[in-house]
Amino acid sequence: MTVMEQRGAYRPTPPPAWQPRTDPAPLLPDAEPHRVLGTEAAAGADPALLLRLHAELVKGRRYNAQATALTKQGRLAVYPSSTGQEACEIAAALVLAERDWLFPSYRDTLAVIARGVDPVEALTLLRGDWHTGYDPREHRVAPLSTPLATQLPHAVGLAHAARLQGDDVVALAMVGDGGTSEGDFHEALNFAAVWQAPVVFLVQNNGFAISVPLAKQTAAPSLAHKAVGYGMPGRLVDGNDAVAVHEVLADAVRHARAGGGPTLVEALTYRVDAHTNADDATRYRGDDEVETWRRHDPIALLEEELTRRGLLTEDAVRGAREDAEAMAADLRARMNEDARLDPMDLFAHVYAEPTPQLREQRDLLRAELAAEAEAETAPTTGTGRTTGTAASTEGPR
Amino acid sequence: MTTVAAKPATMAQALTRALRDAMADDPAVHVLGEDVGTLGGVFRITDGLAAEFGEDRCADTPLAEAGILGAAVGMAMYGLRPVVEMQFDAFAYPAFEQLASHVAKMRNRTRGTLPLPLTIRIPYGGGIGGVEHHSDSSEAYYMATPGLHVVTPATVADAYGLLRAAIASDDPVVFLEPKRLYWSKDSWNPERPSPVEPIGRAVVRRSGRSATLLTYGPSVAVCMEAAEAARAEGWDLEVVDLRSLVPFDDETVCASVRRTGRAVVVHEAHAFGGPGGEIAARVTERCFHHLEAPVLRVAGFDVPYPPPMLERHHLPGVDRILDAVGRLQWEAES
Ligand SMILES: Cc1ncc(C[n+]2csc(CCOP(=O)(O)OP(=O)(O)O)c2C)c(N)n1
């Protein structure tokens with residue numbers, strides 16, 4: 001008998017502890033991304049929510065434009081714009097309660113400020129004066145993560161810890177399509193599902209990881225399909241439909257808060273700008289593609305609906321635009337001030353107590369700074385050499 | 001270490017006791033890792049913790065080191081004090097990105113608002129006949145990563161005292177457990193465990209006048225043996241157990257080397273780019289005028305950890321240490 005023939009007959013009994021926990025069918029994402037705007041369902045959308053989303057999206061787009069302009073003026077080292085992805089960013093922030101946590105990636109500045117972080121503090125990382133400009137505890141926003149997908153297991157651990165302590169806190173973790181290939185993505189989803197941790201994973205599938213298209217990133221039918229293998233629901237949503245994203249994320253958050261465990265949400269969207277201001281997107285994509293997506297713009301989609309419902313009044317438009325301009329003007333003015341830095345801060349937060357080695361190095365820098373200051377007040381003398389004795393060597397006997 | 005009721009105890013028992021006491025004292029202390037629950041860990045260090053504190057406090061995780069450490073980061077962000085077990089030295093490498101990019105840096109990148117009080121226990125080193133990937137000495141990687149504390153006990157008492165200190169620390173501590181000392185015994189009173197040992201202090205295990213052996217973890221016992229054997233040569237060796245590699249106790253080390261004028265660094269990790277280079281450089285920078293000879297290193301060879309049948313040729317033993325001591329160009333005293 002061949003092995004193939006045997007296969008049908010041979011059915012070992014699984015070890016007693018093993019029971020499939022979930023029926024995969026309800027976990028599968030729908031074939032079509034969830035949409036509300038442009039469909040009949042839009043009629044049921046709450047006008048206040050529509051207007052709020054609109055105002056925030058307009059402000060977000062203005063922020064992206066302003067920050068990009070600041071890179072041209074040398075005020076920011078780099079800026080990864082999220083123009084075209086504002087619906088995902090804003091919905092991510094708006095569905096969370098105050099006690100919930102957001103775990104953003106480097107592109108998610110808009111979600112961070114929509115959560116109440118000062119727009120200037122949110123740019124500290126990219127300006128280069130410090131790595132994280134805001135207090136994560138105050139806003140319950142983790143630091144913007146530069147390494148891809150590494151923030152996802154943090155979200156799982158935090159949500160798990162909260163649940164162990166009886167708090168109904170949810171963590172929403174954001175990642176790009178490229179980030180889903182990283183091992184940490186897998187480990188985080190697996191942990192979350194095994195622990196039934198109250199986490200929502202939001203993948204912003206914007207088509208590219210720098211220059212690499214999704215087709216070279218995965219062979220899966222969709223990124224949302226990956227959820228099924230972990231035993232959590234996968235949801236697919238039109239990432240440019242702010243109402244749909246809000247609906248799907250709000251659902252997932254409710255589900256997590258009620259003890260239902262994690263959800264993986266894939267939002268189909270598009271990065272209209274280049275990866276960052278330093279990237280040349282014409283090398284890997286054509287204008288046609290960009291144009292197609294521009295016609296499916298998240299703000300335009302929302303405005304169509306608002307217009308149809310007679311909600312896009314002149315007042316509403318003017319109000320949103322004025323708010324956005326005021327935010328941009330304030331950002332411009334404050335970012336044009338030179339950052340005031342204290343070099344001694346280098347040693348301030350390495351350990352709770354500086355090691356003896358750091359104390360020595362701190363003394364060395366302090367001496368160098370004192371010598372610099374002295375040289376500045378007595379400009380005629382000095383070779384420019386600092387007097388700091390290398391604190392690490394032994395003096396003559 | 002010796003009290004009236006002291007009985008022989010193993011380092012493994014002292015570590016278990018330290019975890020138990022830390023968990024009993026502070027409900028924020030959570031243990032997580034592979035097989036740490038029902039099994040009590042492959043070295044049984046977490047034995048009984050799940051039974052006593054429940055599976056939420058001592059949790060078997062999926063088999064994923066980056067996930068374990070990454071989740072511990074989030075748990076620490078929410079106020080817990082996770083103690084992570086990496087099953088073996090070479091299996092901690094998948095977690096290295098979490099360690100280098102987040103664990104070591106979180107306090108710094110958030111200007112002190114998100115300190116991470118977490119402990120990473122890693123059984124390390126050779127000498128137990130382990131197969132490939134079960135005997136690495138990876139301390140140089142951790143030492144080379146600012147933001148981490150790196151400690152390693154050599155005695156039963158220190159195993160308890162340092163692990164308690166590591167768990168109590170508001171900063172991440174890489175706690176390296178010399179696996180060949182797990183079953184080493186010492187008189188130790190589990191009813192009145194040794195006090196918490198502050199991190200960052202070396203200790204003179206044996207005083208002498210001829211030369212200083214600077215060592216830590218699994219090599220301490222070897223150096224003690226070498227020091228005994230050296231008496232036959234008329235050498236009176238001092239043995240300093242560093243205990244903490246970061247922060248480094250320059251004071252104790254330099255006081256010793258200035259006294260003896262000669263130093264040999266002894267460890268299992270390979271020499272090139274290894275901990276001994278850093279230690280020798282520090283000693284030379286600080287004690288140059290007191291030195292009668294260059295600071296020497298006796299270390300593992302610069303090879304991937306060898307197969308078990310060859311490890312005895314790789315590991316620094318008494319003879320190799322004595323040879324190095326002999327090369328310290330004796331003239332003045334002997
Ligand atoms: C671990 C890691 N590897 C490589 C990089 C360099 N890098 C930065 S962004 C990026 C592409 C990420 O693409 P995606 O996850 O789709 O997010 P998007 O930028 O499109 O929002 C790469 C490769 C990184 N930041 N981290």
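Does A:Thr263 count as buried or exposed, and at what relative accessibility? In this predicted model, A:Thr263 has a relative accessibility of 4% and therefore counts as buried, the limit for that class being under 20%. The residue belongs to strand S7 of chain A, which covers residues 263-268. When neighbours within four places in sequence are left aside, A:Thr263 is in contact with A:Val199, A:Val200 and A:Phe201, and also with A:Met232, A:Pro233, A:Arg235, A:Ala252 and A:His255.

Chain A as a whole comprises 14 helices and 7 strands, and its C-alpha trace spans about 90 × 70 × 45 Å along the principal axes. Of its 397 residues, 48% count as buried. Among the contacts in chain A that link residues at least 6 apart in sequence, 76% join residues at least 24 apart.

Together with helix H8 of chain A (residues 183-195), S2(A) and S3(A) form a right-handed β-α-β unit. Because 5 of the 6 residues of S2(A) are buried, this strand is largely enclosed by the rest of the structure.

Helix H12 of chain A (residues 298-308) has A:Pro298, A:Ile299, A:Leu301, A:Leu302, A:Glu305 and A:Leu306 as its buried residues. Viewed down the axis of H12(A), these buried residues fall within an arc of 160°, so they line one face of the helix. That buried set packs against helices H2 (47-72), H3 (86-94) and H10 (242-257) of chain A, whereas A:Glu304, A:Thr307 and A:Arg308 are exposed on the other side of H12(A). At the start of H12(A), a side-chain oxygen of A:Asp297 comes to within 2.9 Å of the backbone nitrogen of A:Ile299, and the helix is followed by A:Gly310, which has a positive phi, near 70°.

In soluble globular proteins, nonpolar side chains tend to be buried together. In the model, the largest nonpolar core contains 90 residues, of which A:Phe201, B:Met77 and B:Ile120 touch the most other members. The element that gives the most to this core is helix H3 of chain B (residues 65-77), with 8 residues. Residues up to four places away in sequence not being counted, B:Met77 touches A:Trp101, A:Phe103, A:Arg137, A:Ala142, A:His154 and A:Leu158 from chain A, together with B:Met106, B:Leu114 and B:Leu116 from chain B. Apart from this core lies another, of 61 residues, whose members include A:Tyr63, A:Ala67, A:Val237 and A:Leu249.

In chain B, B:Gly274 is found in the loop between strand S13 (263-270) and helix H10 (275-287). Its relative accessibility of 11% is such that B:Gly274 counts as buried. Leaving aside neighbours within four places in sequence, B:Gly274 is in contact with B:Ala140 and B:His267. From B:Asp170, B:Gly274 is separated by 104 residues in sequence and by 27 Å in space, C-alpha to C-alpha.

Notes
Residues are numbered from 1 along each chain as its sequence is written. Chains are lettered from A and ligands numbered from 1 in the order in which they are written. This is a predicted model: local features need pLDDT of at least 70, side-chain atom pairs count only at pLDDT 80 or more; totals for chains, interfaces and linings use all residues. Side-chain values use heavy atoms; hydrogens and water are left out. Buried means under 20% relative accessible area, exposed over 50%, partly exposed in between (1.4 Å probe, protein chains only). Helices (H or I, at least four residues) and strands (E, at least two) are DSSP runs, numbered from the N terminus. A crossover is right-handed if, with the strands pointing away from the viewer, the path from the first strand over the helix to the second runs clockwise. Contact means heavy atoms within 4.5 Å. The arc is that of the directions from the helix axis to the C-beta atoms. A polar contact is a pair of N or O atoms within 3.5 Å; within protein, one must be able to donate a hydrogen and the other to accept it, and residues adjacent in sequence count only if both atoms are side-chain atoms. A nonpolar core is a set of buried Ala, Val, Leu, Ile, Met, Phe, Trp, Tyr and Cys residues joined through side-chain atoms within 4.5 Å.
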